[in-house]
Amino acid sequence: MTIEHTPVRFDTKIAVLLREDLESWQRLNVTAFLVSGLGSQLPEVIGEPYADADGTPYLPMFRQPVLVFEGTKETLTAAHGRALSRSLPRSVFTSDLFATGNDRDNRAAVRAVPKDQLDLVGLAVYGPRNAVDKALKGARMHP
């Protein structure tokens with residue numbers, strides 16, 4: 001195989017964990033919000049910009065796949081605790097955020113609740129594959 005065709009392996013993982021009782025539109029919305037936090041704070045996860053054959057430029061995207069998992073409310077709470085204990089970069093989405101309409105109110109809604117009482121519906125984590133796998137123990141791949 002040439003270098004150009006050699007599969008790329010990553011020693012890190014980007015993962016999103018969603019609560020299993022979310023509606024389809026909520027799953028998509030929560031996933032988009034969660035991963036935007038990772039890209040904004042971790043420039044190493046972003047690849048190079050794209051361009052088509054005509055030279056039309058497009059924004060860069062993550063350099064590696066985003067794996068999406070689901071689990072119960074308890075699975076999410078446990079994963080959140082493990083992500084914190086491992087100091088993994090993370091973003092959270094709570095049920096309160098479905099009732100807000102802007103970033104300021106979103107941040108205020110999260111800030112109003114202690115970390116062990118957050119009603120989590122989504123969590124994104126990034127880090128070494130093994131650490132992310134341990135943090136998401138008990139979660140299953142999203143169907």
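Q: Is arginine 107 buried, partly exposed or exposed, going by its relative accessibility?
A: In this predicted model, arginine 107 lies in helix α3 together with aspartate 103, four residues away, which is about one turn of the helix. The two side chains form a salt bridge whose closest N and O atoms are 3.0 Å apart. Since buried means under 20% relative accessible area and exposed means over 50%, the 44% relative accessibility of arginine 107 makes the residue partly exposed.

Q: In what order do the five strands of the open sheet stand?
A: Strand β1 (residues 12–19) is joined to strand β6 (residues 120–128) by seven bridges, and these two run antiparallel, whereas six bridges join β1 to strand β4 (residues 66–71) in the parallel sense. Strand β4 also pairs with β7, antiparallel and over two bridges. The edge strands, each pairing on one side only, are β5 (90–94) and β7 (140–141). The pairing is therefore mixed, and the order of the open sheet is β5-β6-β1-β4-β7.

Q: Which residue of β7 is the bridge partner of phenylalanine 69?
A: Bridges can be followed residue by residue across the sheet: leucine 17 has leucine 123 of β6 as its bridge partner, and alanine 15 stands opposite leucine 67 in β4. Between β4 and β7, which pair in the antiparallel sense, the bridge partner of phenylalanine 69 is methionine 141.

Q: With which residue does the side chain of glutamate 70 meet in a salt bridge?
A: Glutamate 70 is in strand β4 and its partner is in strand β7, 70 residues apart, so that the pair links distant parts of the chain. The N to O distance is 3.4 Å, and the partner is arginine 140.

Q: How many residues apart in sequence are the parts that aspartate 119 and lysine 73 tie together?
A: These two residues form a salt bridge, with the closest N and O atoms 3.4 Å apart, and they belong to a network of salt bridges that also links Arg19 and Asp21. Aspartate 119 is partly exposed at 25% relative accessibility, and lysine 73 is partly exposed at 40%. Because aspartate 119 lies in the loop between α3 (103–111) and β6 while lysine 73 lies in helix α2, the parts tied together are separated in sequence by 46 residues.

Terms used. Residues numbered from 1 in each chain as written. Predicted model: local features only at pLDDT ≥ 70, side-chain atom pairs only at ≥ 80, totals over all residues. Heavy atoms only, no water. Salt bridge = Lys/Arg side-chain N within 4 Å of Asp/Glu carboxyl O. Buried < 20%, exposed > 50% of the residue type's maximum accessible area, 1.4 Å probe, protein only.
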